[in-house]
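Here is a brief report on one protein model. Have the sequence and the structure open as you read.

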Amino acid sequence: KREGGAREARERAEREREEELAKAMAAEEEEEEEDEYSSPRYWKTPHYRFATNEALLYLDPKFRHLHSINVVNVTLTERCLSTGTDDGEGTPFVRTAEILSQVFGMDAAVINQLMYGIQTSGGEYRDGYLRSAKTKERWSWSKKLLRAH
């Protein structure tokens with residue numbers, strides 16, 4: 001009888017540990033989802049629209065489909081923008097930048113990445129037009145001005 005009671009106690013303790021572990025993992029997942037930029041919900045809707053021709057920013061999806069205009073979804077995480085990779089090291093400087101991005105937004109980082117990152121196959125800068133889906137703000141730049149910089 002004692003062996004059976006000890007075994008039941010061990011099994012009960014093991015079940016309790018598994019339940020605690022499951023609760024801890026669920027709480028950790030909830031914390032991760034609370035971070036706006038890390039949640040899958042954040043990445044489902046586009047936050048910016050970029051084009052090399054301003055008129056393309058305002059075309060409706062049906063028109064784009066009828067005229068075979070490609071739309072490319074580029075998803076950049078906050079960590080990628082601050083370190084250059086999603087696996088980048090979280091240095092104090094990077095953590096500070098990530099905190100500031102939640103206060104001030106990602107507009108400046110996105111604009112700079114598009115201005116200097118998207119080039120022709122020959123390495124030339126492009127004209128660019130960017131529109132925020134949230135605020136409807138618009139930004140534009142000229143390849144001539146970027147070349148002079």
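## Salt bridges

The side chains of R138 and E54 meet in a salt bridge, 3.8 Å from N to O. This pair links distant parts of the chain. R138 sits in strand β3, E54 in the loop between β1 (48-51) and α3 (61-66), and 84 residues separate them. A salt bridge here is a side-chain nitrogen of Lys or Arg within 4 Å of a carboxyl oxygen of Asp or Glu. R138 is exposed, at 54% relative accessible area. E54 is partly exposed, at 33%. Buried means under 20% relative accessible area, exposed over 50%, and partly exposed in between (1.4 Å probe, protein chains only).

How many salt bridges does a search of the whole structure find? The search finds two. R147 forms a salt bridge with E124, and the closest N and O atoms are 3.5 Å apart. R147 lies in helix α7 (residues 143-148) and E124 in the loop between α6 and β2 (128-132), so this pair ties together parts 23 residues apart in sequence. E124 is partly exposed, with a relative accessible area of 41%.

## Model and confidence

This is a predicted model: local features need pLDDT of at least 70, side-chain atom pairs count only at pLDDT 80 or more, and totals for chains, interfaces and linings use all residues. Residues are numbered from 1 along each chain as its sequence is written, and side-chain values use heavy atoms, with hydrogens and water left out.

The mean pLDDT of the protein is 80. In all, 85% of its residues reach 70 or more. pLDDT is the predictor's confidence in each residue, from 0 to 100. Where is confidence lowest, and where highest? The lowest mean, 69, belongs to helix α2 (residues 40-44). The highest, 94, belongs to strand β3 (residues 138-141).

## Overall architecture

The protein has seven helices and three strands. Along the sequence they follow the pattern α-α-β-α-α-α-α-β-β-α. Helices (H or I, at least four residues) and strands (E, at least two) are DSSP runs, numbered from the N terminus.

Of the 149 residues in the protein, 16% are buried.

## Surface patches

Which residues gather in a patch of negative charge on the surface? They are E8, E11, E14, E16, E18, E19 and E20. E19 belongs to helix α1 (residues 2-34). Its relative accessible area is 47%, so E19 is partly exposed. Patches are made of residues with over 30% relative accessible area and no salt bridge; like charges are joined within 9 Å, and nonpolar side chains (Val, Leu, Ile, Met, Phe, Trp, Tyr) within 5 Å. Lys and Arg count as positive and Asp and Glu as negative; His and the chain ends are not counted. A charge is placed at NZ of Lys, CZ of Arg, CG of Asp or CD of Glu.

I99, L100, V103 and F104 make a nonpolar surface patch of about 450 Å². L100 is in helix α5 (residues 92-104). L100 is partly exposed, at 42% relative accessible area. Accessible areas come from the Shrake-Rupley method with a 1.4 Å probe; for residues, only the protein chains shown count as cover.

## Buried positions

L59 lies in the loop between β1 and α3. L59 counts as buried, at 19% relative accessibility. L59 and I69 are ten residues apart in sequence and 9.7 Å apart in space, C-alpha to C-alpha.

G90 is in the loop between α4 and α5. Is G90 buried or exposed? G90 is buried, at 17%. Eleven residues separate G90 and R79 in sequence, with 8.3 Å between their C-alpha atoms.

M115 is in helix α6 (residues 107-117). M115 is buried, at 14% relative accessible area. M115 and Y129 are 14 residues apart in sequence, and 9.3 Å apart from C-alpha to C-alpha.

## Positive phi angles

S68 has a phi near 55 degrees, a positive value in a residue other than glycine. S68 is in the loop between α3 and α4 (78-83). S68 is exposed, at 59% relative accessible area.

K136 is not a glycine either, yet its phi is positive, about 65 degrees. K136 is in the loop between β2 and β3. K136 is partly exposed, at 48%.
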